[in-house]
Amino acid sequence: MSSTEQLAIVQSKFTSGETVVIAMETPLIQGWLRAARILALVNKGSTHALVILLTSRTPPRVFSDLTIERVLPIDQDFKCDINTDETQPDGSDVFLNVSSRKLQLVFEMKPGVATSALVSEIFRAFDDYQKSKSPPTEYLWIQKLTGSSRNLESSANDAQDGSDPLVELESPDLVVPRQNIAKGKAPVAARESVVRYQMACKEEDYTYTQVFRMFIGTWNVNGQPPNGISLEQWLSCDQKPPDLYAIGFQELDLSKEAFLFNDTPREEEWCQVVTKYLHPLGNYRRIAVVRLVGMMLIVFAEEKHVPFIKSVSTDTVGTGIMGKMGNKGGVALSCSIHNTSVCFVNAHLAAHCEEYERRNQDYADICARLSFARYVPPKALKDHDEKGRAPAWCDRILWKGDAILPIEYRSHSELKISDHKPVSTIFDSQIRVIDMVNYRKILEEVMKKLDKLENEFLPQVMVDTTEIIFDTLKFFESSKKELIIANTGQVPVQFEFIKKLDDINYCKEWLKIEPYTGFIKPGEKCDIQLEVHVDKKSACKLNSGEDKLYDILVLHLEGGKDIFITVTGTYQRSCFGSSMEALVHIDVPVREIPVGRLVELENHKNLTAEPYPIPKEIWLLVDNLYRHGIKTKQLFESRGYHSEIIAIRDWLDEGSQESMPGSVHSVAEAFLLLLESTAEPLVPYNLHNVCLTAATNYSQCKQIVMQLPEIRRTVFIYICCFLQEILNHTQDNFQDAKTLASLFGSIFLRDPPRSRDDRNQRSRASQVTFDRRKAAFVYHFMVNDQSDFILGR
């Protein structure tokens with residue numbers, strides 16, 4: 001049959017005014033199966049649609065052989081692209097990827113004039129839409145076509161002579177040809193995946209919404225205690241008691257003790273007074289409290305709701321220098337109330353209009369770093385249904401969600417102990433509640449239907465690539481790639497990246513996969529983001545040759561096969577992540593050193609050159625800070641800019657003859673980052689217990705420092721002398737010895753990686769003791785004369 005004859009038969013399927021521009025037979029890819037389809041581009045007026053047709057015989061002889069399966073309007077939601085498979089010996093196959101709304105389809109074609117014509121016409125139709133932007137009302141003609149596709153099941157069941165009757169599990173997306181099942185070719189999913197999908201589709205049938213009244217409050221208390229204060233006019237000024245309270249404080253404690261060690265009696269003081277003045281008509285229980293220095297968030301719920309509040313998880317993000325100082329940042333709580341996920345974030349960002357860039361950076365940092373580990377996989381901020389946030393400077397409340405309605409928004413000027421006034425908002429939020437009777441009934445129905453089809457399905461997906469190659473990767477600079485997983489089968493697929501045998505994680509520590517597990521409905525796809533970020537820890541292993549930018553990922557389909565995906569990249573070595581011992585033997589920029597030579601230096605082999613007393617990179621950074629930052633306020637407290645730190649990294653690694661880029665705050669943070677990026681801290685791990693034991697005795701501390709390897713001892717004394725010089729200008733820079741000792745103590749005596757989990761297990765009091773001893777050890781060398789060290793005595 002000629003293409004003209006086929007076009008005439010397809011055209012006879014449509015009415016006057018609906019013009020078939022082009023039509024072509026092409027297989028639809030379903031897992032490893034190819035199902036025959038006809039693609040037709042149809043035009044009416046200024047609009048186009050891509051129509052997918054089933055045919056009862058090939059080629060079709062009359063219009064009754066054709067059944068419209070799907071119609072995709074070519075509008076703002078339509079996407080189309082092509083790629084080729086050059087592994088085929090007879091020429092590269094062409095794959096046409098079409099998506100509309102949440103549907104994704106892949107068609108396989110042979111290269112040639114017909115394929116080029118079809119693809120060109122589709123692209124031309126989309127260009128026409130881009131120019132005209134036809135309103136939705138002009139696509140109403142499509143409804144008649146899609147109405148006929150709703151009769152697909154009955155038409156197929158009545159068809160004879162080779163047509164496939166269809167078996168359907170409630171959802172029209174779960175349609176599978178019986179002939180394929182009989183031949184063992186049918187794509188499917190694991191039982192649990194099908195049940196989850198079916199129950200998710202029917203959620204409206206077993207849930208109902210219940211209005212929860214939420215009180216959200218925020219107050220910057222300027223370090224003031226709650227002595228004798230009444231919060232009644234703030235917390236219980238409404239006639240109706242709220243179902244839930246979320247109360248955020250900023251600047252809870254402005255003392256050095258709170259700033260340095262995150263320890264303050266104000267937490268309990270304010271918790272008690274808040275509890276006292278909750279609405280008298282409600283009976284409340286505290287769900288959780290989370291605090292970082294002066295930012296605190298408390299959540300209460302009425303007693304009757306507590307059994308239905310699950311998965312309570314908290315997290316904190318400090319956005320001070322190096323992400324260490326918690327004077328700015330955010331604290332957050334995530335939970336599920338009945339069947340709805342809720343997140344509250346209390347944030348305190350930099351003030352003043354000129355600090356907008358820093359606020360934007362810190363806001364993005366908070367959103368990216370918040371992670372609630374009680375969920376599997378861990379939830380991020382974006383993964384919640386309603387979100388109550390205060391991400392501005394302070395004194396304001398923002399919210400996001402489809403089912404949340406603000407009722408009141410007000411300031412409470414009666415409370416005058418602070419230079420800020422408390423703010424509150426009353427929200428009515430729609431919470432989805434499960435009707436357990438209906439839930440069990442519907443679950444039973446789904447299970448019965450599924451029992452009939454138990455072994456008839458297997459999961460099928462396609463990935464757009466099995467080899468992901470990153471270009472040149474640099475320290476402290478992220479690079480991202482996307483992997484597309486498309487469900488080409490007839491039922492939902494549950495996927496997960498799983499760890500390989502003897503591995504402790506599903507991917508290397510320099511790689512982040514989001515999401516690493518998920519659920520894909522039939523015909524839909526999931527965009528996976530792979531992000532490589534070489535941080536302090538992984539840079540050390542890459543510089544020393546202990547690790548390479550190479551990983552094999554195992555993509556596991558629940559109830560199906562595993563797919564192996566390789567991830568590779570080339571790491572550009574840097575002074576960041578290099579040891580002090582290696583850097584002192586490098587007299588040229590790091591990027592001029594061959595990779596093999598750098599690995600030798602990291603492993604203390606062939607050390608032929610006379611070493612510098614200290615690494616030249618340490619000297620360059622300290623020299624810049626001495627000349628330009630010695631009188632700068634909060635030099636080691638305010639954060640630098642990421643873009644400037646990247647520029648400083650390149651300047652050091654390339655040995656540029658230009659002036660060092662970046663502000664003094666960015667140089668200061670780059671200096672701290674260089675010290676933190678070594679495999680081992682300046683004081684070796686094996687001396688930490690001795691240092692902490694001797695922390696109160698300067699003579700013993702001196703003896704320990706004298707025992708340090710010569711290079712480390714020289715660097716330690718050099719930095720302490722520089723810090724003493726900073727303290728000689730306290731009238732200008734407002735720095736104090738305790739603050740600097742706390743910061744540099746945490747760097748010089750950095751916890752070993754194996755004890756990070758132990759650190760999380762420690763009580764707050766125990767951790768404060770450890771941190772104080774580290775600070776005390778370093779403090780001695782900031783307030784005592786170091787000339788005897790310099791003279792070698």
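A residue is called buried here when its relative accessible area is under 20%. By that criterion, buried residues account for 52% of the 793 residues in the protein. The model is a predicted one, and the protein it shows contains 26 helices and 29 strands.

The interior may be considered next. In soluble globular proteins, nonpolar side chains tend to be buried together. The largest nonpolar core of this model comprises 107 residues. Those with the most contacts inside this core are Phe 497, Phe 636, Phe 716, Phe 744, Phe 748 and Phe 777. Helix 21, which spans residues 710–727, gives the most to the core, with 10 residues. Apart from this core lies another, of 27 residues, and Phe 212, Ala 246, Ala 301 and Val 423 are among them.

When its neighbours within four places in sequence are left aside, Phe 748 is in contact with Leu 675, Pro 681, Leu 682, Val 683, His 688, Phe 716, Ile 719, Cys 720 and Val 778.

Two packed helices are described by the angle between their axes and the distance between the axes. For helix 16 (residues 616–628) and helix 18 (residues 664–676), the angle is about 150° and the axes are 10 Å apart. Angles over 145 degrees count as roughly antiparallel, and helix 16 and helix 18 are therefore roughly antiparallel to each other. The crossing of helix 16 past helix 18 is left-handed.

Several features of the backbone are found in loops. Gln 634 lies in the loop between helix 16 and helix 17 (642–654). Although Gln 634 is not a glycine, its phi is positive, at about 50°. With a relative accessibility of 41%, Gln 634 counts as partly exposed. Val 293, in the loop between strand 12 (284–292) and strand 13 (295–302), also has a positive phi, near 55°, and is a residue other than glycine. Val 293 has a relative accessibility of 7% and so counts as buried. A further loop, between strand 25 (511–514) and strand 26 (517–520), holds Pro 515. The peptide bond that joins Glu 514 and Pro 515 is cis, with omega about -10°.

Finally, Ile 469 links separate parts of the sequence. Ile 469 is placed in strand 22, residues 467–473, and is partly exposed, with a relative accessible area of 46%. Not counting residues up to four places away in sequence, Ile 469 touches Lys 481 and Thr 568. Ile 469 and Thr 570 are 101 residues apart along the chain, yet their C-alpha atoms are separated by 9.0 Å.

Methods
Residues are numbered from 1 along each chain as its sequence is written. This is a predicted model: local features need pLDDT of at least 70, side-chain atom pairs count only at pLDDT 80 or more; totals for chains, interfaces and linings use all residues. Side-chain values use heavy atoms; hydrogens and water are left out. Axes are lines fitted to C-alpha atoms, for helices over the stretch in contact, and angles run from 0 to 180 degrees between N-to-C directions. Helices (H or I, at least four residues) and strands (E, at least two) are DSSP runs, numbered from the N terminus. Angles under 35 degrees count as roughly parallel, over 145 as roughly antiparallel, 65 to 115 as roughly perpendicular and the rest as oblique. A crossing is left-handed if the near helix is turned anticlockwise from the far one by less than a right angle, and right-handed if clockwise. A nonpolar core is a set of buried Ala, Val, Leu, Ile, Met, Phe, Trp, Tyr and Cys residues joined through side-chain atoms within 4.5 Å. Buried means under 20% relative accessible area, exposed over 50%, partly exposed in between (1.4 Å probe, protein chains only). Contact means heavy atoms within 4.5 Å.
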